[in-house]
Amino acid sequence: MEGGAIAQFIPLILIFAIMYFLLIRPQQKKMKQHQNMVEALRRGDQVVTQGGVIGKVSKVKEDGELEIEIAEGVKVRVVKSTIAQVLNKTEPAS
C-alpha cells in the first residue's frame, strides 16, 4: 500500500517540475534581466516606455522615477519599472 501511494504522487511531481522549467524559471530570468536593464539606465539613454512613448532620459531620480524628454522642452516623469526597452545606450564618461 505504501508504494502505491507514492506512485500516485509521481505524475503530480513531474507536472510541477515541468511547469517550473517551462514557465516559472524563464519568467524569473526575464524579470531579472529587466531589473538589471532598469538599474543600468543613465542620463542620455534613449528608451521606450510600456505605453510606447520614446524619449531620452534627462534625469535619473533616487525614488524610482525618471525624467524623460519626449520632445524639445517637453519632459515627463515616469516610473523606472515602466521602461520596456533601451534603444540607444550612452557611453560612460571617461
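**Reading the calls in this model**

Modeller: Let's start with K80, which sits in the loop between β4 and β5. Keep in mind that this is a predicted model.

Colleague: Okay, K80 is buried, so what makes you say it has no salt bridge?

Modeller: A salt bridge needs a side-chain nitrogen of Lys or Arg within 4 Å of a carboxyl oxygen of Asp or Glu. For K80, the nearest side chain of opposite charge is E39, and that one is 4.8 Å away. That is outside the 4 Å limit, so no salt bridge is counted for K80.

Colleague: Which residues is K80 in contact with, leaving aside neighbours within four places in sequence?

Modeller: V38, V60, K61, G64, E65 and L66. They count because each has heavy atoms within 4.5 Å of K80.

Colleague: Where does the structure hold salt bridges, then?

Modeller: There are two of them. One joins D45 and K89, and the other joins R77 and E65.

Colleague: Why is D45 with K89 called a salt bridge?

Modeller: Their closest N and O atoms are 3.3 Å apart. The limit is 4 Å, so the pair qualifies. D45 is in the loop between α1 (2-39) and β1 (46-49), while K89 is in the segment after β5 (83-88). That puts the partners 44 residues apart, and the pair links distant parts of the chain.

Colleague: Why do R77 and E65 get the labels they do for accessibility?

Modeller: R77 is at 58%, over the 50% mark, so it counts as exposed. E65 is at 17%, under the 20% mark, so it counts as buried.

Colleague: What about A17 in helix α1: why is it called partly exposed?

Modeller: A17 has 30% relative accessibility, which lies between 20% and 50%, so partly exposed is the label. Another residue of helix α1, Q27, has 43% and gets that label as well.

Colleague: Zooming out, how do you know whether the chain is a compact globule?

Modeller: A compact globule of 94 residues would have a radius of gyration near 12 Å, but this chain has 22 Å. Its C-alpha atoms fill a box of roughly 75 × 30 × 25 Å along the principal axes. Buried residues make up 19% of the 94.

Colleague: And what is the order of elements from the N terminus on?

Modeller: They run α-β-β-β-β-β, with one helix and five strands in the chain.

Note on methods. Residues are numbered from 1 along each chain as its sequence is written. This is a predicted model: local features need pLDDT of at least 70, side-chain atom pairs count only at pLDDT 80 or more; totals for chains, interfaces and linings use all residues. Side-chain values use heavy atoms; hydrogens and water are left out. Helices (H or I, at least four residues) and strands (E, at least two) are DSSP runs, numbered from the N terminus. The radius of gyration is taken over C-alpha atoms; the globule rule is 2.2 Å times the number of residues to the power 0.38. Buried means under 20% relative accessible area, exposed over 50%, partly exposed in between (1.4 Å probe, protein chains only). Lys and Arg count as positive and Asp and Glu as negative; His and the chain ends are not counted.
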